[in-house]
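Thanks, everyone. Please have the model open.

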Amino acid sequence: MENSEGVKIESTVVTEEPLISALDIALFVVIITVAYFWYFKRDKQSSSSEKKPYTIQPSSLSSIEQTSNSSFIKKLKSTGRSLVVFYGSQTGTAEEFAGRIAKEGARYKMKGMVADPEECDMADLVGMKEIQKSLAIFCIATYGEGDPTDNAMDFYEWLQNGDADLEGLNYAVFGLGNKTYEHYNEIAIYIDQRLEELGATRVHEIGLGDDDANIEDDFVSWKEKLWESVCSHYGIEETGEESNIRQYKLVDCSEVLPERIFSGEISRLKSYENQRFPFDVKNPYLSKIAVNRELHKSGDRSCMHIEFDIDGSKMRYDTGDHVAVYPKNSSELVDKIGELLNADLDAVFSLLNTDEESSKKHPFPCPCTYRTALTYYLDITSNPRTHIMKELIEYASDPKDQEKLKLMASSTPEGKKEFHEWILRDNRNIVHILEDLPSVKPDLDHLCELLPRLQCRYYSISSSPKVYPKSIHITAVLVNYTTSTNRVNKGVATNLLAQLIPTNDELPQPTIPIYIRRSQFRLPPKSQTPIIMIGPGTGLAPFRGFIQERDYARKEGREIGEMVLYFGCRKKDEDFIYENELQEYVANGTLTKLHLAFSRDQPEKKYVTHLLEQNADELWNIIGEKSGHLYVCGDARSMAKDVHSIIVKVVMEKGQMTNSQALNYVKKMEQQKRYSADVWS
C-alpha cells in the first residue's frame with residue numbers, strides 16, 4: 001500500500017510540481033520503499049517468533065543470560081560458582097559423569113556447573129585463577145582411532161596449537177576409553193599432560209575408565225578419591241549434605257497445543273515433516289527403506305542387507321564412512337513401564353532445569369508425552385548405573401528392596417559384587433529392575449530424568465557411492481539373546497530394522513532417521529596400490545564397498561592393484577554372506593584372492609587368523625615389498641588383537657627384524673594410514 005502511494009505521489013509531483021527535481025523524487029521513493037520493507041520484515045519476525053517451537057523459559061532472566069554465552073568465567077563469577085566440569089562425549093556417558101560430579105560439588109562447598117567445551121571459549125581457562133578455590137574437571141572420552149569427540153575437537157586443537165599460561169588453574173581429568181582399542185584413553189592422557197605443561201596444577205591423578213570392563217566402577221572409585229584430594233588441596237571438609245537433589249522440575253503441559261509437542265524429533269520441532277539440508281547428528285534425514293533382505297541361507301541367526309534411499313537428500317558419502325541410525329524402543333517395553341508404575345503414558349509434560357543459569361534447559365526435547373520420551377529419547381534397555389540405584393532407594397516401600405538398592409549403590413566390595421552379578425552379569429535393564437523389585441515405584445518424571453539418552457547406532461557402510469550414489473547399504477546381524485534370568489533381550493536398532501520391510505504396492509514405505517559420519521577408513525588414493533582386507537562376519541561390510549569401488553575403476557579402464565580378502569563365518573551353507581557377489585569379483589579379476597575360513601565346517605575350528613599365519617609370504621609381499629595397505633574390520637576384543645600380533649610376527653620373520661623393529665614398522669604403517677582398523681567391542 002505504501003509502495004503504491006509512493007508511485008502515485010511521484011506521478012502527481014512530476015506533472016503538477018516541477019520545482020521538485022527527479023533526484024528528490026527518486027530518493028523519496030527509495031526511503032519509503034526501505035521503510036516499508038523494514039517494517040514488513042520486523043512484523044514478519046514478530047509473527048514468526050510467536051510460532052517458534054514451544055519451550056518453557058524461566059520466569060525471570062538470570063544474570064547469566066545477560067553475559068556472553070561462550071564465557072564460562074563470567075557465568076562462574078556471576079553465580080558464585082567455583083567448579084566447572086567439562087565433558088567430551090560421543091555417546092552421552094562423559095556428559096552424564098560430568099553432571100554427577102558437578103552435582104556432588106555442593107557437598108564440598110563447591111557450587112558447580114557442567115560445560116560443553118564446544119560452546120565455551122576455552123581460552124578463558126587462564127581466568128580460573130581469578131576465582132577463589134576454583135577447580136576445572138575434564139571428563140573426556142577417546143573416540144575412534146585415538147581421536148577427540150566431536151564436541152572436544154576445538155579444545156584439543158587449542159591445546160595443541162596454543163601456548164596459554166595456565167598457572168593458577170587447578171584441574172583433574174577422568175578419561176573414558178576401551179582397552180580393546182590400541183589408543184586407550186589417548187585424548188584424556190594428552191589433555192592431562194598438556195595442562196600440566198602449560199602451568200596448571202593437577203589436584204588429583206588422572207582416572208582411566210575402561211568400557212570393556214566396568215567403567216562405572218572405575219569412575220566411582222576415582223571420584224571418591226578425587227574428593228579426598230580436593231578436601232586436602234583446599235583444606236575443606238565434606239558437609240555431609242545429600243547430593244541426590246532433582247536437577248529438573250516437572251511442568252504440566254496438558255494445555256500445550258498439539259502442533260507444539262515433540263513426537264520423536266531429535267532437535268527441531270516438526271523436522272521430520274519439514275526436512276532441511278544439511279543433515280547431521282541433530283538433524284537426521286528421514287530415509288525410506290528401499291531394500292531389506294535376509295543374507296543368511298539357513299540357521300537360527302539372521303543377518304540383514306538393508307538399503308537406505310538418499311535420493312534427493314543432497315547427502316554424500318565416501319566408501320568406508322559410517323551411517324548413524326536413530327532407533328526407537330519397542331512399544332512392549334514402553335507399555336510395561338507404564339503398567340508397572342501405573343502411569344498415564346500419553347500425558348504431556350516437560351522437565352525444566354532447576355538451574356536457571358544452565359544452557360541445557362531440558363534433558364531431551366520438551367514438551368512431549370511420556371510415551372514419546374520412553375520411545376525415542378531414553379535408553380531403557382541398557383544396564384542402569386549405580387547412581388540410578390541410589391536414586392531409586394527412596395521409592396522402595398519394602399525394606400528388603402531398599403536394602404538391596406542401598407547395597408548396589410554403595411562402593412563397598414560387597415556392593416560392587418552385588419551390582420556386577422545382579423545388574424551386569426544377569427543383564428537387567430530398568431524394566432527388569434522394576435519387575436524384580438515390585439515395591440519400587442518411582443515417579444515417572446524422575447525416572448525420565450535419571451535414564452540416559454537413547455543413542456544412535458553406527459554401521460559401516462557396505463556400498464560405494466560410485467556404484468550406488470542414491471543409496472546407502474548396511475549389513476547388520478539381528479541381536480537377540482536370552483539372559484540368565486530367562487528373559488529375551490533384543491537389540492534396539494536391529495530389531496526395529498527387521499520390522500521395516502518395504503512393500504511393492506503404493507503404501508507409504510517404511511522410514512528411519514539417519515545421517516552420515518565421516519571415517520578415516522579409506523582406500524589408498526591410487527587405485528594401483530595393492531590391499532589386504534581382513535573382515536570375518538559383518539566385518540566384510542566396508543570391504544564390499546571397497547571392492548565395488550575398485551571394480552568400478554576397472555570397468556572404466558583404470559589399472560587396479562591386487563585385492564586380497566580374508567573372510568570367515570561359521571558354515572558355508574548358512575552364513576556365507578554375499579557369496580555370489582564375491583565369487584563374481586574373483587571371476588572378473590577385481591578380487592585377486594579370496595581366502596575363506598568356515599569355522600564349524602570341520603572338526604577343528606578354522607579362523608581367518610589361521611589363514612593369515614599360513615600365508616605369511618603373501619602378506620609380506622604386499623605390505624613389505626610392495627608397500628601395500630592392510631585393513632581390519634570386526635571384533636576388537638580378540639580378532640583385531642590376534643591379527644595385529646600375526647602381522648608383527650610376519651614382519652619380524654619375513655622382514656628379518658627384531659621384535660622392537662617390527663613393532664616400529666607396524667606403528668609406522670598405522671601412522672601412514674597403511675594399516676587401518678574399523679573395529680568394535
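Start with the contact where Val 334, Asp 335 and Ile 337 of α8 meet Arg 371, Leu 374 and Thr 375 of α9. By residue type, this contact of α8 with α9 has three nonpolar residues, one polar and two charged. A reminder that what you are looking at is a predicted model.

Now the geometry of that pair. Helix α8 covers residues 331-340 and helix α9 covers residues 370-377. Their axes cross at roughly 135° and come within 10 Å. The angle therefore makes α8 oblique to α9, since over 145 would be needed to count as roughly antiparallel. As for handedness, α8 and α9 make a right-handed crossing.

On to the second pair, further along the chain. Here helix α21, residues 639-654, packs with helix α22, residues 659-671. The angle is about 120°, and the axes lie 9 Å apart. So α21 and α22 are also oblique to each other, because the roughly perpendicular range is 65 to 115. The crossing of α21 and α22 is right-handed.

Which residues in α21 and α22 meet? From α21 they are His 644, Ile 647, Val 648, Val 651 and Met 652. On the α22 side they are Asn 659, Ala 662, Leu 663, Tyr 665, Val 666 and Glu 670. Sorted by type, the contact of α21 with α22 has eight nonpolar residues, two polar and one charged.

To put the two side by side: the α8 and α9 crossing is right-handed, and so is that of α21 and α22.

Technical notes:
Residues are numbered from 1 along each chain as its sequence is written. This is a predicted model: local features need pLDDT of at least 70, side-chain atom pairs count only at pLDDT 80 or more; totals for chains, interfaces and linings use all residues. Side-chain values use heavy atoms; hydrogens and water are left out. Axes are lines fitted to C-alpha atoms, for helices over the stretch in contact, and angles run from 0 to 180 degrees between N-to-C directions. Helices (H or I, at least four residues) and strands (E, at least two) are DSSP runs, numbered from the N terminus. Angles under 35 degrees count as roughly parallel, over 145 as roughly antiparallel, 65 to 115 as roughly perpendicular and the rest as oblique. A crossing is left-handed if the near helix is turned anticlockwise from the far one by less than a right angle, and right-handed if clockwise. Contact means heavy atoms within 4.5 Å. Ala, Val, Leu, Ile, Met, Phe, Trp, Tyr, Cys and Pro count as nonpolar, Asp, Glu, Lys and Arg as charged, and the others, Gly among them, as polar.
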